[in-house]
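Hi everyone, thanks for coming.

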Amino acid sequence: MLSYTLKRIAIAIPTLLVLIVVSFVLMHAAPGGPFTAERQLPPEVLANLNAKYGLDQPLWRQIVTYVWNIVSAFDFGPSFVYKDRTVNQIIAQGFPITLTYGLLSFAVAVIAGVSLGVVAAIRHNSAVDYAAVGVSIGAQVLPNFVMAPILVLVFTLWLGWLPGGGWQGPEYWIMPVIALSTSFMASIARITRSSMLEVLTSNHIRTARAKGLPERRVILRHALKPAMLPVISYLGPAFVAMITGSVVVDIYFSTGGIGKAFVDSALNRDYAVMMGVTILVGALTIAFNLVVDILYGWIDPKIRY
Amino acid sequence: MVATTENNPGTAAVAKGRSPWADARRRFFRNKAAMFGLVLLVCVTLFALFGGLLSQWSNEELDYNVMGQVVELGAPSIANGHYFGTDDLGRDLFARTVQGTQISLAVGVVGALIAIIVGTLYGATAGYVGGRVDGFMMRLVDILMAVPYMFVLILLLVMYGRSITILFVGVGLISWMDMSRIVRGQTLSLKGREYVEAARATGVSAPVIIMRHIVPNLLGVIAVYATLLVPLMILTESFISFLGLGVQEPMTSLGALISEGAGTIAYGTTWQLGFPLLFFVLTLFGFFFVGDGLRDALDPKDR
């Protein structure tokens, strides 16, 4: 188990470095520097600017400095557009918000999805099952950017129950969380249902039932754990997709998370902030995948590396 | 994952000489959900191809009678020729939806094609060559899978200009990894077959074996995966267009139209959100149902 974990970590670190280097090189290969976007600057001013941001150094040295600053001090450098703000400050402002509704959505998607899937599998071919399958097929075509305007239309404009945007209290959390979690809940429900159906036909479940265990215990103690394996391997991609979806939530509900910072910096050509957010998201993804891998190894004893 | 029927000579004999493909076709046409999806897809495609002929307005023309009073006059009506109403600038939403559907379908199909070609060649090569090369190539895929692609794609779009070519290629290039894993797995099981051995024994080179013997036998898997990949590509493109970073005016896509509609619902022009959303949902449903149907038809497990 320990060596498995260590091996996973040994893969995670180079992955992160590759991500940093690739985004850095992409940024430098882009036609025009960050300061050529608006009006023409006199060459002397441009040279000064480049010197200030370290852009006159050879590429390898810039990469080394950049990586070193991140690794040693978690410092993503200054913003290219806002003179008085660093990338760290911009990220620190939005990150807690993204984390709040992100974690809530993730919890809702997993808990609701797994429950729906398990109930559907237990009551196979009943009305509950058909309803669950119907919901999960329907929700497949309702990604966050489709859910968000529909929710606002219904709950803000027609019913007037919920505020349409902003970030001030728990009532502002409801629509972002629903918008972000619906399609993942559906996928998790579908995966849980089919894997649960398969597990319920296996030998160890028959044995558990033959021993006379109550059905509740058979499901919760014996069936649920192996049935969770495909769900767990889906969590990694779901996490990435949710972080990506947070961009839509931030824009549409004006929640002010890092997605907003990302799109603003994309429109301003503020490469430093874009890279900072990309790398942060990449690091989170890699860390999350690591946790998923370890969890997987813990649940499935057959996994040995 | 999915094993295709034609890899299994035993089934063909049981089916009294019916070819496995004909078998799969029969199963597919019996599947009601898949047929429903196919009908949806045909309708949406016809709409995208020939909808322009029905339209009384072009997608760029501004209707000055409606402009400024879109809420009162822009609603869908047969009388003034705006079947789906107009957008907030007075452009005909029917023509815009036709154009948006075209672009979304095109991005979906081209993106999926790129992903399929890259993924198949990569996976087949890794699986066929095997050994250390395979280990390295697949480890690379593992690493690439952990990259948050939407962010990288947006990075690319911003840095190299928001051209539709980058969108097409970028959307395709971010999703070949799953394909390559599936294909590699299949190739591993194919490369021990007698006909591959025979080809190798007669001195056929590795690239030729991959193209002539391995890839054709993967067509079933590829077909299934391609159909399921198209809606994902459409989703990705719509997502980016929703953020205003995708296709640029005067071009449009379903995502961009949904974004416009979502921005104006507060004024009560619900049709601006409704019609693009309807076509978006119908297209996705169509592809998902057909993809599921194909998987059931080509997967011998469910026989």
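This is a predicted model: local features need pLDDT of at least 70, side-chain atom pairs count only at pLDDT 80 or more; totals for chains, interfaces and linings use all residues.

Okay, chain A. What does its secondary structure come to? It comes to 11 helices and 0 strands. The C-alpha atoms fill a box of roughly 85 × 55 × 30 Å, taken along the principal axes. Of the 305 residues in chain A, 36% count as buried. And here's a figure on how the chain folds back on itself: look at contacts in chain A with a separation of 6 or more, and 73% of them are between residues 24 or more positions apart.

Chain A is also divided into two domains. Domain 1 comes in two pieces, 1–44 + 269–304, and domain 2 covers 96–268. Their centres, taken over C-alpha atoms, are separated by 26 Å. Where these domains touch, domain 1 of chain A puts in 15 residues and domain 2 of chain A puts in 16. On the domain 1 side, you find 10 nonpolar, 2 polar and 3 charged residues.

UniProt, in an unreviewed entry, lists "domain: ABC transmembrane type-1" at residues 95–292 of chain A. In the model, that span is 83% helix and 0% strand, and its end C-alpha atoms lie 22 Å apart.

Now chain B. Here the secondary structure comes to 14 helices and 0 strands. The C-alpha trace of chain B spans about 75 × 50 × 25 Å along its principal axes. Chain B has 303 residues, and 47% of them count as buried. For the contacts in chain B with a separation of 6 or more, residues 24 or more positions apart account for 72%.

UniProt has an unreviewed entry for this chain as well, placing "domain: ABC transmembrane type-1" at residues 101–288 of chain B. Over that stretch the chain is 81% helix and 0% strand, with the end C-alpha atoms 17 Å apart. The unreviewed entry also gives "transmembrane region" at several places in chain B, including residues 33–54 and 164–183. What does the model have there? Residues 33–54 of chain B are 100% helix, and the end C-alpha atoms are 29 Å apart. Residues 164–183 of chain B are 90% helix and 0% strand, again with 29 Å between the end C-alpha atoms.

Next, the core. The largest nonpolar core has 150 residues, and the ones touching the most other members are A148(A), V248(A), F262(A), V277(A) and I258(B). Helix α9 of chain A, residues 215–253, brings the largest share, at 18 residues. Both domains of chain A take part, with at least three residues from each of domain 1 and domain 2.

Let's zoom in on V248(A). Skip residues up to four places away in sequence, and V248(A) touches N144(A), F145(A) and A148(A) in chain A, plus F239(B), F242(B) and L243(B) in chain B.

Last stop, T264(B). This residue is in helix α13 of chain B, which runs over residues 254–264. Is T264(B) buried or partly exposed? T264(B) counts as partly exposed, because it has 18 C-beta neighbours inside 10 Å, and a buried residue needs 20 or more. Leaving aside neighbours within four places in sequence, T264(B) is in contact with D88(B), T269(B) and Q272(B). T227(B), on the other hand, is 37 residues away along the chain, and the C-alpha atoms of T227(B) and T264(B) are separated by 33 Å.

Conventions
Residues are numbered from 1 along each chain as its sequence is written. Chains are lettered from A and ligands numbered from 1 in the order in which they are written. A nonpolar core is a set of buried Ala, Val, Leu, Ile, Met, Phe, Trp, Tyr and Cys residues joined through C-beta atoms within 7 Å. A residue is buried if 20 or more other C-beta atoms lie within 10 Å of its own, exposed if 12 or fewer, and partly exposed in between; C-beta atoms are placed from the backbone. Helices (H or I, at least four residues) and strands (E, at least two) are DSSP runs, numbered from the N terminus. Domain bounds come from an automatic or database domain assignment. Two residues are in contact if their C-beta atoms, placed from the backbone, lie within 7 Å. UniProt positions are given in the numbering used here, feature names are shortened, and annotations may be inferred rather than shown by experiment. Ala, Val, Leu, Ile, Met, Phe, Trp, Tyr, Cys and Pro count as nonpolar, Asp, Glu, Lys and Arg as charged, and the others, Gly among them, as polar.
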